[in-house]
Amino acid sequence: MGAFATLASTLAFAGTHFFLVLQMNAIFNDPFNLGWPTMDAPDPRLQGECTMLDTGAVTTNLLLWLLWGVQHSGMARPKVKEALGLSGMKAERGIYGCVSILMLVIFVAYWKPVQDCTKLDILTVPLGPLTGGGLAICWGVGALLSGLYIKPDHFFGFGGEYNSNTVEDRPVIYEYPYSMVRHPASGGFLAFVWGFAAISQGNPNFVFFAAGWTVYVLIGTQFEEMGLRREFGQHYDEYATQVPAFFPKPSFFLGERPAAPGAAAKAKAS
């Protein structure tokens, strides 16, 4: 793996952590007064003076999701990779990761609260929403970090094996966390955003944020799965019948794991 590819992967890895810190700071409405972006309006207005639905903010946020979708889903398409000269490069995943993180940072930086009547104060949340939302957040963060740290090559291109056209017969990845769900980063992020929506007790800013990301994930995953089925064919179909897309089966926690793709066919042949 060349120096440029290593640098790109390292920047993507480090940038992911910066984005997570930036996003958490926004969710908690800049608790240390750093002057960074916030999910809610910094100073909510009084009832009768506030805006429950700012259409300008809604439009801005929708455009941010569109920008993210064009980049994140677009750059993952083989034809786009070829047009950009990235196809087969050792640095392809690192470059893709860096651009994706840049788009996420832009999203957080330019996010606009859709209402300015309420503001999340974590210290005033009742125990029920705090517990339920907190459990969802914990699972979501665990799923996200498991992908980042257990499969860094798959996410960021460390090693470069997943970027090279010279690698033959690349297998479907079904080790943890892909033995748990097919899309651990997406599933983890959905649990994360809806966990905070629950904690916010229906705060429109958090609900809109969670709903928007849900729509994007559902649409983007369809494109991703079509590409995976074209690449891996029957092996991916076999894998997908055993492993859910975003959230694990209860049997996973009882020790059930998917059989290796192709195992059923090999068993029949023998």
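A residue is termed buried when its relative accessible area is under 20%, exposed when it is over 50%, and partly exposed in between, with a 1.4 Å probe applied to protein chains only. The structure is a predicted model, in which local features need pLDDT of at least 70, side-chain atom pairs count only at pLDDT 80 or more, and totals for chains, interfaces and linings use all residues. Residues are numbered from 1 along each chain as its sequence is written, and side-chain values use heavy atoms, with hydrogens and water left out.

The protein chain contains 10 helices and 0 strands; these elements are DSSP runs numbered from the N terminus, with helices (H or I) of at least four residues and strands (E) of at least two. The order of elements from the N terminus is accordingly α-α-α-α-α-α-α-α-α-α. The C-alpha trace spans about 70 × 45 × 30 Å along its principal axes. The radius of gyration is taken over C-alpha atoms, and the globule rule is 2.2 Å times the number of residues to the power 0.38. For 270 residues, a compact globule would have a value near 18 Å, and the 20 Å of the protein chain agrees with this. Of the 270 residues, 43% are buried. A contact is defined by heavy atoms within 4.5 Å. Among contacts between residues at least 6 apart in sequence, 79% join residues at least 24 apart.

The packing of helices was described by their axes, which are lines fitted to C-alpha atoms over the stretch in contact, with angles from 0 to 180 degrees between N-to-C directions. Angles under 35 degrees count as roughly parallel, over 145 as roughly antiparallel, 65 to 115 as roughly perpendicular, and the rest as oblique. Helix α2 (residues 55-74) packs with helix α4 (residues 92-110) at an angle of about 180 degrees, and their axes are 10 Å apart. The two helices are therefore roughly antiparallel. On the α2 side, the contact includes Trp65, Trp68 and His72, while Tyr96, Met103 and Phe107 are among the residues of α4. In the classification used, Ala, Val, Leu, Ile, Met, Phe, Trp, Tyr, Cys and Pro are nonpolar, Asp, Glu, Lys and Arg are charged, and the others, Gly among them, are polar. On this basis the contact of α2 with α4 comprises 11 nonpolar, 5 polar and no charged residues.

Helix α2 also meets helix α8 (residues 204-232), their axes coming within 11 Å and crossing at roughly 30 degrees. The pair is therefore roughly parallel. The crossing of α2 and α8 is right-handed; a crossing is right-handed if the near helix is turned clockwise from the far one by less than a right angle, and left-handed if anticlockwise. Among the residues in this contact are Val58, Asn61, Leu62 and Trp65 of α2, and Phe208, Trp213 and Tyr216 of α8. The contact of α2 with α8 is made up of 8 nonpolar, 6 polar and no charged residues.

Phenylalanine 208 lies in helix α8 and, apart from residues up to four places away in sequence, touches Val58, Asn61, Leu62, Trp65, Trp111 and Val114. Threonine 214 also belongs to helix α8 and counts as buried because its relative accessibility is 18%. With the same exclusion of residues up to four places away in sequence, threonine 214 touches Leu190 and Trp194.

A further pair is formed by α1 and helix α5 (residues 127-150), whose axes come within 11 Å and cross at roughly 160 degrees. Helices α1 and α5 are thus roughly antiparallel, and their crossing is left-handed. Phe13, Thr16, His17 and Leu20 of α1 make this contact with Leu145, Leu148 and Tyr149 of α5. The contact of α1 with α5 has 5 nonpolar, 2 polar and no charged residues.

Most residues other than glycine have a negative phi, and most peptide bonds are trans. Asparagine 29, in the loop between α1 (3-27) and α2, has a positive phi of about 60 degrees. Asparagine 33 is placed in the loop between α1 and α2, and its phi is likewise positive, near 55 degrees. Asparagine 29 counts as buried because its relative accessibility is 8%, whereas asparagine 33, at 69%, counts as exposed. The peptide bond from tyrosine 176 to proline 177 is cis, with omega near 10 degrees. Proline 177 is located in the loop between α6 (152-156) and α7 (184-199).
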